[in-house]
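Student: I would like to learn how to read strands and chain contacts from a model. Could we work through one case?

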Amino acid sequence: MPEFHAASTTQAPIEELWKLLVDPTRYPEWWAGIASIEQPPAPADRFTLYHPHEPEPWPQQIERRAGGQVVISCMTSAIRYEWQLSTIDEETRVAVLVEIPVGWASHLEAQRELIQRSLEQLTALAEEQP
Amino acid sequence: MDAAASAIGAGLLVDRRGRLGFRHALLRQASYDDLPEPRRAWLHERIAEVLGPERAAESARHLRLADRDELAVEHLARAAATARAVAALEEAESYLREALEIVPRDAPLLLELAEVHAWRGRPQEAATTLQRALGLIGADDAAGRADAHVRAGDWLRGAVCDPRAALTQYRDALEELDRAGRPERTRRALALAGLAWCTAVAGDPGEAARLVDQASEMAGDAGGDELFAHDLSSARGLHLLRGGGFAQSVPPLLAAAERALTCERPDLAYTSWINAASAAAAASDFDHALAIAERALAVMRANGLTSLQLHLTAARAHILTRLGRRAEARATVEAQQQLADRLGDPDVAALAAHDFGLVALATGDPATAERELARALAGTPAISRPLARLARAEALAALGRPADAEAELSATVREPIGPADLPAMLSARFARAQGLIAAARRDPEQARRRLLEAAHAWERQAGSAETGEAWVANIVDLGRPPVLGLVEPAWELDRIRIELAGLAIVPG
């Protein structure tokens with residue numbers, strides 16, 4: 001299965017990154033490619049995201065939130081995002097593993113670019129927090 | 001009479017207010033031992049006949065002494081049922097164990113024992129005993145196996161409060177009937193009603209509504225069954241609750257509780273009552289919530305259902321804090337600690353410590369709050385660990401220990417998060433805790449920024465339809481409705497506004 005890793009470090013405390021990762025309502029603020037999200041009356045581990053200029057909903061499943069890790073998979077494309085926070089030498093490291101099903105392999109480069117931008121926006125937003 | 005008078009005259013017997021007895025216990029024992037064994041056995045059996053089923057425990061003892069164990073079993077089972085009816089669960093278990101020593105492969109007795117384990121707050125033993133019973137019921141006895149599964153489902157969602165496990169049992173019941181190709185409409189209706197209830201709590205809401213309709217259509221003879229009516233009424237109430245219709249859910253839940261009482265199922269009545277109390281609280285009708293909790297407590301107390309009393313006591317304590325009746329809330333949660341001590345289970349003790357900590361925090365006692373929440377977090381109770389850590393952080397901040405409070409926030413990040421932890425509200429709660437810590441560090445500007453961050457997060461959540469889903473997540477994941485963890489965005493916002501107003505902002 002095609003996959004890629006990306007990572008970034010920041011001076012922002014791990015708690016600031018964590019608040020942004022565990023709360024899907026904040027994703028449009030930093031996750032490139034997400035214009036808005038909905039949390040319909042469904043279990044708390046589900047949400048729906050919308051891309052800019054596209055009306056189609058993309059339901060998502062939060063598979064896991066534990067130990068500074070948040071794992072999200074798209075229920076349509078099965079693209080899987082494994083975000084991991086850790087503290088290294090008083091900096092916070094944000095790493096992400098993205099797994100793309102073979103049938104969606106053509107999206108690999110676009111996803112790589114979106115995730116790189118998302119990392120930059122995530123760390124910048126965390127650094128802005130009070 | 002002449003013989004008795006002669007024995008009295010000889011000093012062997014005495015007349016104590018019209019009752020004859022041996023003058024001395026040793027004399028009695030010697031006389032008993034002197035009886036030839038066949039004669040002794042015959043006498044014991046005759047005594048058992050005279051005592052009859054109304055004094056089942058004594059009859060059983062005499063039958064065993066008469067070496068008629070096979071006759072004693074029925075009396076022991078009856079004695080167990082009598083003991084259960086008066087909430088003497090320990091005695092009930094003792095009789096059933098004795099009966100099973102005689103007939104260890106008796107599936108109905110094992111089912112009874114499994115249910116008693118469940119009522120005594122021992123789910124693991126209940127599960128093990130259930131498996132023993134199922135192992136003894138023949139594979140071709142679909143009706144027997146289905147009945148066992150339905151019964152297990154009933155106590156799993158009642159006494160044990162594990163709707164997921166109960167759902168599995170009801171599905172197993174239906175599979176048994178399907179496998180045997182038996183219509184068994186009444187049995188199916190009962191299993192479907194139980195399944196509808198569990199699905200209303202732990203499954204797809206649309207599916208729950210469909211199951212209620214299906215059970216109603218199949219009712220037949222079950223339609224007059226109070227337990228069946230309870231299941232449907234309760235499922236309707238839970239379905240409304242899950243959709244956020246808290247006030248509307250209360251009447252069907254209360255109706256379900258009364259039906260459960262009618263069929264002598266206080267454990268099922270508990271489930272409806274605690275959900276009704278929590279729903280009333282969620283609808284801000286705390287007086288009604290308190291009345292419901294107190295009625296339920298009285299019934300659980302009368303039936304010796306200590307573990308269910310424990311949860312209701314916590315609910316009562318929380319409702320009293322929301323009514324501003326702090327001293328009563330404190331006394332109530334201390335009573336909960338005593339119940340936990342009686343149960344003697346470390347996880348239950350940790351759960352009670354958690355509840356105590358939350359009430360202490362709400363009633364302005366941060367020292368007790370941080371101590372009790374630390375006890376809870378050191379154990380493995382069914383609580384929301386992230387929320388418990390945030391509460392402890394708040395208590396530590398109030399005690400002027402900001403560094404320790406920050407350590408709790410760091411620990412929160414490492415905790416697993418599930419639906420019952422209300423993840424959408426976590427960042428709001430986290431930000432508020434950060435604000436309180438900043439205030440403890442005498443940094444009002446930082447405190448203000450964090451509290452505003454929390455307020456914005458709560459504003460994003462106001463009117464969230466997740467509230468109903470968070471509700472059932474508590475029941476499914478933690479085995480208790482979230483009376484102590486009600487999601488009240490408006491109330492949270494008001495609290496933050498008061499805290500903001502209380503900050504001493506030094507003009508810069």
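**Reading strands and a chain contact**

Tutor: In the hairpin that β5(A) makes with β6(A), five residues lie between the strands, and Ala78(A) has a positive phi near 65°. Keep in mind that this is a predicted model.

Student: In what sense do β5(A) and strand β6 of chain A pair, and over how many bridges?

Tutor: The sense is antiparallel, with five bridges between β5(A) and β6(A), the latter covering residues 80-88.

Student: How should I read the two faces of a strand?

Tutor: Side chains in a regular strand alternate between the two faces of the sheet. In β5(A), Gln69(A), Val71(A) and Ser73(A) lie on one side, while Val70(A), Ile72(A) and Cys74(A) lie on the other.

Student: Are the faces of β5(A) covered or exposed, and why is the strand described as largely enclosed?

Tutor: Both faces are covered, with the residues on each side all buried. Buried means under 20% relative accessible area. Strand β5 of chain A spans residues 69-74, and because six of its six residues are buried, the strand is largely enclosed by the rest of the structure.

Student: Turning to the chain contact, how many residues does each chain give?

Tutor: Chain A gives 20 residues and chain B gives 25 residues. The area buried between the two chains is about 2,000 Å², and carbon and sulfur atoms give 58% of that. On the chain A side, Trp18(A), Lys19(A) and Pro130(A) supply 32% of the area chain A buries against chain B, more than any other three residues.

Student: What is the count of salt bridges and of polar contacts between the chains?

Tutor: There are two salt bridges between chain A and chain B. One of them joins Arg450(B) to Glu16(A), with the closest N and O atoms 2.6 Å apart.

Student: Which elements of chain A supply the side that touches chain B?

Tutor: α1 (14-22) and β4 (58-66) of chain A each supply at least two residues. The largest share, six residues, comes from α1(A). By class, this side of chain A has nine nonpolar, five polar and six charged residues.

How values were computed. Residues numbered from 1 in each chain as written. Chains lettered and ligands numbered in written order. Predicted model: local features only at pLDDT ≥ 70, side-chain atom pairs only at ≥ 80, totals over all residues. Heavy atoms only, no water. Contact = heavy atoms within 4.5 Å. Buried area = accessible area lost by both parts, 1.4 Å probe. Salt bridge = Lys/Arg side-chain N within 4 Å of Asp/Glu carboxyl O. Helix = DSSP H or I, 4+ residues; strand = E, 2+ residues; numbered from the N terminus. Nonpolar A, V, L, I, M, F, W, Y, C, P; charged D, E, K, R; others polar. Buried < 20%, exposed > 50% of the residue type's maximum accessible area, 1.4 Å probe, protein only. Pairing = 2+ DSSP bridges.
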